[in-house]
Protein chains: 2
Amino acid sequence: MLIRLEPVILTLLIGFATAVPAEETAKRLAILGDSERGIEPCALCHQANGGGSEAIGAPRLAGMNARYLTRQIENFKNGHRPHSVMQPWAERLADAEIAALSEYFAALPPASNAKVPDGMDPKAGEWLALDGDWPGRRLPACRQCHGPRGIGVGQHFPALAGQPYNYLVRQLAAWTTGERTGDPLDMMNAVNARLSVAETQAVAAFYASMPVVKALDVNVESEHGAVPPDADAMRPLTSSIAPAPMARTTPLVHQGEVPAGRAPGTAGHFEPPARGDKPDDEFGAVVALGEAIFTQTDRHAISGKYVGNDQVCEGCHLDAGRLADASPMWAAWVAYPAYRDKDRQVSTIVERIQGCFKYSMNAQASEVGHPPAAESRTIHALASYLYWLATGAPTGDKAMSGRGYPPLAETEQGFDPTRGAAVYADNCAICHGADGEGVDAGNEIVFPPLWGARSYNWGAGMHMINTAAAFIKTNMPLGNFLELTDQEAWDVAAFMNAHDRPQDPRFTGDVAETAAQFHGGRFDVYGKPTIQSKSE
Amino acid sequence: MLIRLEPVILTLLIGFATAVPAEETAKRLAILGDSERGIEPCALCHQANGGGSEAIGAPRLAGMNARYLTRQIENFKNGHRPHSVMQPWAERLADAEIAALSEYFAALPPASNAKVPDGMDPKAGEWLALDGDWPGRRLPACRQCHGPRGIGVGQHFPALAGQPYNYLVRQLAAWTTGERTGDPLDMMNAVNARLSVAETQAVAAFYASMPVVKALDVNVESEHGAVPPDADAMRPLTSSIAPAPMARTTPLVHQGEVPAGRAPGTAGHFEPPARGDKPDDEFGAVVALGEAIFTQTDRHAISGKYVGNDQVCEGCHLDAGRLADASPMWAAWVAYPAYRDKDRQVSTIVERIQGCFKYSMNAQASEVGHPPAAESRTIHALASYLYWLATGAPTGDKAMSGRGYPPLAETEQGFDPTRGAAVYADNCAICHGADGEGVDAGNEIVFPPLWGARSYNWGAGMHMINTAAAFIKTNMPLGNFLELTDQEAWDVAAFMNAHDRPQDPRFTGDVAETAAQFHGGRFDVYGKPTIQSKSE
């Protein structure tokens with residue numbers, strides 16, 4: 001189950017001097033401060049509406065996630081965010097005051113005082129925010145963690161929408177200068193290292209111009225402590241082997257200008273047409289619909305009724321199906337029709353897509369109870385989108401460079417779900433949740449559930465441990481900000497698939513019989529879940 | 001309606017001396033001759049079983065078409081086939097005796113005394129016999145006129161199966177040396193001119209080795225006299241404008257050896273993989289099934305139930321969908337999905353194929369009453385075949401050289417069904433029949449019906465006069481042994497589409513309303529047939 005915690009009302013304010021409720025206290029501190037204790041009012045910099053200040057680059061606080069705010073005040077206090085004003089201010093606050101202030105600002109109506117500098121085009125950075133730059137730099141889109149429209153996701157991914165431009169630019173730089181640390185998995189340092197200064201400015205302008213809404217309040221804290229408070233544990237590689245350098249990323253474009261097009265570095269792979277190059281006609285409109293369905297499959301008005309869980313095509317096919325080594329759609333298009341052992345017949349690409357709905361999207365549990373028909377708008381749109389992505393690719397090439405996931409060689413130690421549990425807690429839970437539940441932004445899935453009722457079923461390719469290990473090794477964590485060892489990938493894949501998930505739609509009524517008919521081999525653990533979901 | 005005339009029993013034997021029935025007389029002449037009149041018995045050369053003689057290169061007569069035999073004896077008599085033995089022999093026969101002998105041999109059980117020379121591989125010429133060499137030479141396969149397995153079709157296309165090797169080789173050469181004339185449209189002269197001597201030998205060996213069956217007895221004589229008895233009219237171009245030379249054919253390979261592969265000369269067009277290069281696996285088997293369905297659509301065990309008339313895919317897409325400028329399938333494959341005004345939506349290639357069944361194959365009148373479903377074996381096989389033909393073609397190229405039919409510029413005179421009737425009689429009726437009825441070989445359509453209940457319906461693309469004119473100009477008569485003028489192509493297209501045909505399946509119940517919704521423009525004559533079929 002997805003966790004959707006309503007803001008927790010703090011009731012324990014032990015050790016706080018006054019008798020007034022925490023909310024009142026917080027409001028007084030925020031607006032008036034406490035001159036006796038040398039505590040300046042928050043409104044002095046962040047403004048009375050909590051919308052921040054463009055002039056001094058103070059962030060908006062109103063409507064931010066309370067746990068995120070608490071963590072930041074703690075970071076000021078403990079020195080992870082050195083700041084001449086905020087550090088002494090934070091040091092004067094009791095823990096209960098920090099919590100109360102966080103709740104106070106989280107509960108304020110979202111507000112923004114941000115202003116895009118004159119002469120800057122707020123749309124210039126949109127592509128980085130919404131699409132990222134995968135082939136060039138394996139750079140995820142900002143929205144992939146910070147949520148749709150930058151609304152913010154839980155305690156780790158703050159809202160970007162409506163943050164002052166000057167604040168965003170300064171913070172992005174601060175990760176690289178070391179002025180700011182303490183983000184989980186050291187992701188923002190890696191992100192910033194892949195951006196030019198002009199790009200950080202462009203993307204800051206984009207988010208500064210976005211309307212503010214309340215941040216998504218989810219708790220993805222791992223029981224295993226995925227986000228340890230100790231900065232020394234901030235690079236949570238569980239392996240004693242040093243990770244290989246990120247060979248797939250290109251020489252970084254730092255301090256440069258916004259590249260005219262996408263950065264090079266597709267390493268000889270096929271390049272699909274640019275997102276903006278869709279034809280301006282009826283066909284182009286259907287391609288655009290297909291792209292939207294591909295990235296929002298389970299919630300899209302057209303395709304949602306065929307999806308019986310919280311999965312989207314893009315979950316397994318990164319960069320909207322464009323990315324080499326992440327099962328790109330251009331390679332799939334030219335490889336079908338093809339004979340598949342799984343289908344025991346030649347299948348067309350439409351049937352292959354229908355198979356994704358049947359298994360990975362568990363269509364049986366959907367509103368209509370079955371995959372979209374060949375004549376449906378969903379299939380028309382997806383087929384058109386795949387076809388368009390393959391523009392120029394040679395028909396019949398079943399071995400295009402970058403097709404599927406690069407197979408991962410087996411390790412001497414094999415794979416072990418128990419070892420995998422630790423890998424998961426340290427590297428995956430921050431996004432996918434301690435119990436694999438993922439994050440649901442309401443109108444969009446931010447991080448897909450990895451097991452349980454809302455995940456792929458036992459017939460999906462990803463239930464195979466070798467397939468999952470290959471996907472994880474090459475593509476996870478999203479953006480490859482750190483590289484798992486082969487052993488870690490195998491173990492965490494075994495852990496993921498050791499949980500139960502929806503039944504194989506080919507279920508004959510008997511697990512052993514179904515296993516005999518449709519499953520087999522060392523990597524197939526159908527019908528043998530060994531780890532119980534915590535929510536069950 | 002297709003004409004299937006049972007052998008006509010000759011009852012009029014006026015002017016014949018004896019009182020015995022014609023059959024008895026014929027038998028006596030055939031076996032014993034008539035020494036008094038200096039008439040040698042046929043059996044002397046053609047053998048008692050009528051199977052011909054390999055030693056002296058005498059053709060088999062047993063089971064041949066009676067009208068074909070009559071015409072040949074007449075040609076010996078009138079000098080179109082000069083022959084030192086046959087000419088004086090024929091001159092001694094009365095017309096009734098010629099007719100009786102023809103009937104006698106036609107009624108004999110098919111027999112063959114042919115023998116392939118030692119050391120020759122009878123399979124070496126199979127590709128020419130069954131596939132022809134379209135891209136290289138626009139050379140139709142022998143079977144396309146002489147019928148499946150060379151059984152012979154009507155009076156114009158004699159059986160080839162079981163003819164003595166030496167006879168076939170000699171006759172093929174005879175067209176070029178001028179030793180033999182009088183074939184309709186001067187086709188065999190043109191065919192032989194496109195073959196090397198080694199090829200004529202290879203193809204003769206192939207047919208000499210084929211088992212004999214009774215020839216197909218159909219009468220495709222045109223009322224307009226498509227096959228005039230006068231040799232001077234043997235090149236029946238109705239236009240006063242001399243035909244342009246056949247620019248599309250390559251320099252002819254005469255007196256050479258059998259080419260190792262297909263001849264060159266695809267004129268820069270895409271080349272699909274060779275027929276024999278299908279992969280030797282499950283997928284290849286489905287491709288082969290698709291090829292068979294493509295060429296035998298209406299009679300194939302898998303696809304026949306979806307076809308409501310006597311049409312096959314290959315009827316409009318020559319050379320099994322391979323030929324440039326004949327709407328080749330490799331160009332179609334990479335052009336879909338696409339938005340089509342006709343469908344008012346983006347259609348996939350599967351839906352495009354289903355459209356062919358709906359309109360060109362009039363599926364509504366078929367056994368099942370609808371086109372094959374996307375999941376059907378027929379669609380699997382056809383889609384796989386098309387995909388395989390497009391191997392290496394660039395995905396998304398909607399303008400491949402050779403796609404569709406080259407559009408035909410309009411002429412000053414416009415188009416006129418009445419003028420077209422004469423063009424048809426002179427150039428088309430020999431194959432498609434005087435009333436457009438086509439030729440049905442029972443297990444295979446040899447020439448498709450062009451109008452009436454067994455032809456394409458009013459929703460098919462070919463009902464558009466401009467589409468039909470473009471197809472005809474570039475591709476008809478089959479093999480382009482003569483070239484119609486633009487004016488002739490327009491007129492005969494107008495003639496063809498001036499006949500009635502099955503209703504548009506989108507029929508609303510009212511012709512005017514259906515026309516307003518789905519038809520329009522100068523080239524669309526839906527609902528306005530002006531020429532009545534002779535069979536109605």
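Buried, in this talk, means under 20% relative accessible area, exposed means over 50%, and partly exposed is in between, with a 1.4 Å probe and protein chains only. By that rule Lys214(A) is partly exposed, because its relative accessibility is 43%.

Some ground rules before I go on. This is a predicted model, where local features need pLDDT of at least 70 and side-chain atom pairs count only at pLDDT 80 or more, while totals for chains, interfaces and linings use all residues. Residues are numbered from 1 along each chain as its sequence is written, chains are lettered from A and ligands numbered from 1 in the order in which they are written, and side-chain values use heavy atoms, with hydrogens and water left out.

Back to the lysine. Lys214(A) lies in the loop between helix H11 (197-208) and helix H12 (282-295) of chain A; helices (H or I, at least four residues) and strands (E, at least two) are DSSP runs, numbered from the N terminus. Beyond its neighbours within four places in sequence, Lys214(A) is in contact with Gly63(A), Ala106(A), Pro110(A) and Ile151(A), contact being heavy atoms within 4.5 Å. Its C-alpha atom is 8.8 Å from that of Ala107(A), 107 residues away along the chain.

Next, the domains of chain A. Their bounds come from an automatic or database domain assignment, and they are domain 1 (22-107), domain 2 (126-228), domain 3 (275-389) and domain 4 (417-518). The C-alpha centres of domain 1 and domain 2 of chain A are 21 Å apart. In that pair, 21 residues of domain 1 of chain A touch 27 residues of domain 2 of chain A. About 1900 Å² is buried between domain 1 and domain 2 of chain A, with 41% from carbon and sulfur atoms. Buried area is the accessible area (1.4 Å probe) that two parts lose on being put together, summed over both.

Now the chain interface. Chain A and chain B each put 28 residues into the contact. Together they bury about 2300 Å², 63% of it on carbon and sulfur atoms. Of the area that chain B buries against chain A, 30% comes from His380(B), Tyr387(B) and Thr395(B), more than from any other three residues.

Glu97(A) and Arg37(A) form a salt bridge at 2.7 Å, N to O. Glu97(A) belongs to helix H5 (residues 95-107) of chain A, and Arg37(A) to the loop between helix H1 (22-31) and helix H2 (43-46), 60 residues apart. Glu97(A) counts as buried because its relative accessibility is 3%, whereas Arg37(A), at 34%, is partly exposed.

In chain B, Asp491(B) and Arg419(B) pair at 2.7 Å, N to O. They sit 72 residues apart, Asp491(B) in helix H20 (residues 486-496) and Arg419(B) in helix H17 (residues 417-427) of chain B. Asp491(B) is buried at 2% relative accessible area, and Arg419(B) is partly exposed at 29%.

In chain A, Asp491(A) is in helix H20 (residues 486-496) and is buried at 3% relative accessibility. Among its contacts outside four places in sequence are Asp416(A), Pro417(A) and Arg419(A).

Key:
Salt bridge = Lys/Arg side-chain N within 4 Å of Asp/Glu carboxyl O.
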